[in-house]
Every structure is written in C-alpha cells, then in structure tokens.
Amino acid sequence: MSTSAAALETRGLCKSFGALPVASDIDFRLEQGARHALIGPNGAGKTTFVNLVTGALPPSAGRIYLGGEDVTALPQARRVKRGLARTFQINTLFRGLSVLENVALAIGERMGVAGDLMRPAGSRSGVIERAFAALERLGIAEDAGRLVRELPYGRQRLVEIAVALGLEPKVLLLDEPAAGVPGAENGTIVETIESLPAEIAVLIIEHDMDLVFRLARRITVLVQGSVLVEGTPAEIGADPRVREVYLGEREHR
Amino acid sequence: MTATAGAEQAIGRLAGRHRLRPLEALPWVIAIAAYFLFPDYLPLGAQVLIMVLFALSLDLILGYGGIITLGQAAFFGVGGYTAGLLGAHGWSEPITGLLAAGAVAGAFGVVTGLIVLRTEKLTLLMLTLMVNVMLYEAANKASTITGGSDGLQGVVISPVLGLFRFDIFGRTAYLYALAVLFLAWLLVRRIVHSPFGRSLTGIRENVARMHAIGSPVLLRRLTAYTIAAALSGVAGALLTQATQFVGQESLSVDRSGGVLIVLILGGFGRLYGAFVGAPLYMIAQDRLSALDPSYWPLAIGALLIAVVMLARGGVLGICDTLIAWLRRRGRP
C-alpha cells in the first residue's frame, strides 16, 4: 500500500445478480483531487459500480475504502457523512420542492440539524444562506424559488450537482452528468465540472468521449464488469483493445 | 449576498413558512362557535374532533412521510383499550390516562414500525393491514381482559382536572377533546415545519435522494411513525374517556379505512385536510344514516370516486385550484 491513502479505493469488488456477474474483481483507485473517468459500453456495469461504492447495493465480495478507511459494512448515509457524494444518471431530485430547498435539505443533513423536531426549518438561516450561496456558485440562483419539476432538464442536471456539492464531499461521483442534456447546455455542465474545487476527487462516469477527454486526467475502461485497462487519455485513446470494444462500437452507430 | 428579487422571495418563503397565518385560526373559531350554536350535537361534535386528531396523526406519516398505511386503527385501539383498562381498574384520572395511552400506543408503534417500515408501497400497506387484523383478533380472543366482542365494561373516568364531570350532553367531552386537539395540532404543526418534517417530505418526494444526501431514512420514518402512533393512541383514549366505553370497533380495519377516506376527502399533506375531511365525513354519515342506513355507504362511495377522479387534492385541493383560477382572472 502506498503512503498516502487513495480518496476512494476498491479491492476485489464483485457483484452478481443471481448467476449474472455485473462486477468482477474490480481493483480501483481514485487519488486525492483526481479527475478520473470511468467509461465503457452500455451494460459494462458502470452504474452498478457507483451503487456498490455508495452502498446502494451490497457487494457479493471485496472491500471498499474511503480515505483509507474500510467502509464496506457502512450504510449509505454513513458513507455520505464521510465525504462521499454522488449525482444520478437520471435526475433524482425532490421534484415538488423548490431548487433552494433541494439544496437546503442536503446542507441540513450535512450540518447534522436535519433531525431537529422542534425548531422551524426556516429559522436555520445558516442552512438557507449556504444553500443559496451554493446555487450562486453554479449560476442558478435565479431559479432558487422555482419547483424542480418546472425547470428544463439541463437545469435540473445542475441542481443534481448543486445538491451533491451541498454535502461538501471529498469524493464526488458524477454518473453521466450530461446525459439527456441538449448540446448547447452541455457546455455549462462541462464548465461547472471544470470549476469544481481542486481538492475534491471526482469520478465521472460517462458515455460522451469528447467530455471524457476534456475533463479526465485518468481513464478506466470497464467491460462486462471487469477493468479492461487504465491509463492517461492518450494511452486509452491509443489502446487497440479500447478502440475495438468501445470506440469501434461508437463508429458503427 | 447578491440576491435578485425572485431569489429573495424564495429565501423569504422558505424562512417564513412556519409563521402563523390568520386563516389558521378559522378551524378553532368554528369549533368554539359550534359549541354555542349546536348544544344538542356536542357528543357528535366530540367524535368529529377525535376523528380530526386521528386523521391529523395519519397526515403526519401519510401526507408528509409518504408512509401508506391501512392499519392506523391498531394504534387508535391500543390507546383506547389502555385508557379503558386503566379506567376499569381504578385509575380513573383522565389526563394521565391519556398520556399513558399515548405512551403505550407509541411503544407499539416503535415495535411494529421496526418491522413494517423496512418495506415500501404495497408491501407496507399489506403489513400495516396485517398488524391491524392480528391485533383485532388478539383483542377478540383475550376476552377476559378486553371484554371481547361485548366491549370493555365498567370504565370509570373521573372529572377532568377534578372539576369537569363527563356529562350526558357531551359538554366536557367536547371541550376536553378540543383542548387536546389544539395541543396536538401545535405539536404536529411544529414538527412538519421543522427540519425533521422537511426531511420527511424529502423522503416522500424521493427516497433514493434522501439516502444519497446521507439521511438516516429508517430512523426518520420510525420517529414519525411512533409520533403518529402515539397521537392516534391519544385519539382512541379520548373516545374511550368521552364514551366511558371501548369496543372492538375501535380496532377495526373499517376505522383504518375510514380515517384514510377522511384524509383523502380533505386533502393530505397539508395539515388541514383532517380539519375539513373529518366534519364532512362524520356529519354526512350522521345525517344520511338517519335518513336510511343504506344511503351512507352509497354516498361515501360516490364521493370517493368523485374525489379520486376529479380532485386528487381533496376539498382543499379544489379550494387551491379555485383560488388560483380567481387570481388569474383578477390579473388579465
């Protein structure tokens, strides 16, 4: 083991649904402050990997470490408390609540005040102000009062990121952050990701190769639940196996 | 902070949601007026108030927490029998009886909640129903304690605060129920506007996201379930004390269904659905049953179909739509 612990690490991570293996023996390291992409064809097990890491799914075998600490047995909420946040491939927000409250709920949880039964939520001005500041940073403050379901999809993707950032994560998992977003708004999301604080270790799960090569400094290729290869964008771009299973497939479309 | 006008409004709305509005006094004004206007109907009035409390407790978990239950009468009955058994065995003081009933029903809520709240949706609905049905059968079998299908006899309740005897006209019962309902409303109102209450709403809106922001979802749901169970127990105890009797009907699945209908009629997830639905339901039941016993089930069936098909938000939902429509007309 290296001297400094990885922000996130998995060793021998396995998951099967019945007889179907969807993650087999995944060894993965996300360094501190990394900009790392996880790519692979449809059904490669990328989202399953995210669900294993966050604790939404229990692994069949293997260990998960956050900042060097074994969190394999911890429930989802406790991993979040240790600095692990995620966004979802399909918007998973409080659609009937305002944008501001979506972020405020996350901030309330992080600050440990969300279980308070007696004080009015509105009197927690620290929470609301922080939530608003988070929206300002992402440039969506003018939508603060609108219900999430009234926003265009691309804007909702930004709220996804705002909610995750409200948790002040050390490790941020972005599951296809630009999925379903029309090209024009795509740029806003890329810029948002580029401007994330350098100390956050970011793992981007993505289909869009332009986005991956623009954002990532390391790339891991997942195929049929196993790591095929890991390397810099240049190495991955030149790797014939990757071209075959992934880039090749893209050219057929 | 460089908030624009719209954003400031959003912040203000979130920060000030818990403040009392004048309209919120309306139910209490009506309840007190009804005491003076309809002195002959106070026993029915007390039952309406008790139903409001029962429905209010359901609103906390169903309307805010999104916990779909068809077994809330289990807690109503546990509270009712607790108060009844205390009254039948020499503990006739009503207020401590009420608190004891709430505590026992709450404890029953913790125990059953730990099991049923691990599930969701239809499974949850079936499990809550099963708890209710099993408890009903248990009360039936344990007839030496509960009086079985004859109900519990010999319940004695002392005057409230040693001053106000439960009279035949229902005056004491009405005011006592009103006072308890008021305190419960203050409590529930506080809870739904608290960070805890907002996180319950979050759970209703999207469980996956609540897990992802690090919320202890089971603990939150269990806490709400327990509070609602205790309040339902208090409602059941009120009915026992007001009528000095408790029967198996207090535990029946019919009652669980009835309170659900009350909340659907009034509108759930808005604190005041219980206050609208309960009088509507119970007064209609009283009037229609007086005309002909078969009218009531027919009417409630037709009303439910109308609400489900035309007005998902219940009566209060219709009011919202109407107000929004009038506002739009006011600003051409």
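I started with E176(A), which sits in the loop between β7 and α6 (183-194) of chain A. This is a predicted model. I looked up the backbone there: E176(A) has a positive phi of about 45°, yet it is not a glycine.

Is E176(A) buried or exposed? I counted 21 other C-beta atoms within 10 Å. The cut-off for buried is 20 or more, so E176(A) is buried.

Next I went to E168(A). I found E168(A) in the loop between α5 (153-166) and β7 (171-175) of chain A. Its phi is near 45°, again a positive value in a residue other than glycine. I counted 16 other C-beta atoms within 10 Å of E168(A). That falls between the limits of 12 and 20, so E168(A) is partly exposed.

I then checked confidence in chain A. The average pLDDT is 89, and 95% of the residues score at least 70. Where is confidence lowest in chain A? I found it in helix α9 (residues 240-252), at a mean of 68. Strand β4 (residues 61-66) of chain A is highest, at 96.

Last, I turned to chain B. I noted 15 helices and 0 strands in chain B. The radius of gyration of chain B is 20 Å, close to the 20 Å that the globule rule gives for 332 residues, so chain B is as compact as a globular protein of that length. I read the span of its C-alpha trace along the principal axes as about 70 × 45 × 40 Å. Buried residues make up 50% of the 332 residues in chain B. I also looked at contacts in chain B with a separation of 6 or more: 78% of them come from residues 24 or more positions apart.

Notes. Residues numbered from 1 in each chain as written. Chains lettered and ligands numbered in written order. Predicted model: local features only at pLDDT ≥ 70, side-chain atom pairs only at ≥ 80, totals over all residues. Helix = DSSP H or I, 4+ residues; strand = E, 2+ residues; numbered from the N terminus. Rg over C-alpha atoms; globule rule 2.2 N^0.38 Å. Contact = placed C-beta atoms within 7 Å. pLDDT = per-residue confidence, 0-100.
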